[in-house]
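Here is a walk through one protein model. Start with how two of its elements pack, then step back to the whole chain.

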Amino acid sequence: MAHAVPTRKTSAGAERRGRAPDALPDVFGERTHLVAKWAVPVLTGLLYGYWAASISRRGGPVTGWNLLFGFMTALAFVVLYAVVRAVAQRLPREGHAVLWGAFTGSAVGFLYSRSGVAMFTCVLVSLLVAAAVTGANFYRHYTCEDAEGHRVL
């Protein structure tokens, strides 16, 4: 009995966007991806700035300096996020994982240091978070890339 040989179906849209022909279909348009590319870091930065400002006011009233601190923290977070995202795309999976781990560990360490705990504790927590994010990110990229570093999924 003869069986059909599976074939790869290519779509013209996938080749135009630079994706692999056998990749999953893209259900969102280019505009949606562009909006999400900037909306996610900005909203995350605003949340991060609010969190940092609420920690630094220590339950006291909201002041102008507290609002300024929150917005400056959010701005710094968004700028660093954009820089890390731009640089990480050009790195191999090891460097990519280490860069995102360092960014995440530093961000968590900064928030933790605002609470007034000992500096040794902040550094230890930062290193643990950075190691966990680096390991998870490396594992994700290691399992989703081929031997030459090309993304499979």
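Helix 3 (residues 64-88) and helix 4 (residues 93-113) pack at an angle of about 170 degrees, their axes 10 Å apart. Axes are lines fitted to C-alpha atoms, for helices over the stretch in contact, and angles run from 0 to 180 degrees between N-to-C directions. Helix 3 is therefore roughly antiparallel to helix 4 (angles over 145 degrees count as such). On helix 3, the contact (heavy atoms within 4.5 Å) includes Phe69, Phe77, Tyr81 and Val87. Helix 4 contributes His96, Leu99, Trp100, Phe103, Ala107 and Phe110.

This is a predicted model: local features need pLDDT of at least 70, side-chain atom pairs count only at pLDDT 80 or more, and totals for chains, interfaces and linings use all residues. Residues are numbered from 1 along each chain as its sequence is written, and side-chain values use heavy atoms, without hydrogens and water.

Val87 also belongs to a nonpolar surface patch, with Trp65, Leu68, Met72, Leu75, Val79, Val83 and Leu91. Together they have about 770 Å² of accessible area (Shrake-Rupley method, 1.4 Å probe; for residues, only the protein chains shown count as cover).

Now the whole protein. It has five helices and zero strands (DSSP runs, H or I of at least four residues and E of at least two, numbered from the N terminus). Its accessible surface comes to about 11,000 Å², 69% of it from carbon and sulfur atoms.

Terms used. Patches are made of residues with over 30% relative accessible area and no salt bridge: like charges are joined within 9 Å, nonpolar side chains (Val, Leu, Ile, Met, Phe, Trp, Tyr) within 5 Å. A salt bridge is a side-chain nitrogen of Lys or Arg within 4 Å of a carboxyl oxygen of Asp or Glu. Angles under 35 degrees count as roughly parallel, over 145 as roughly antiparallel, 65 to 115 as roughly perpendicular and the rest as oblique.
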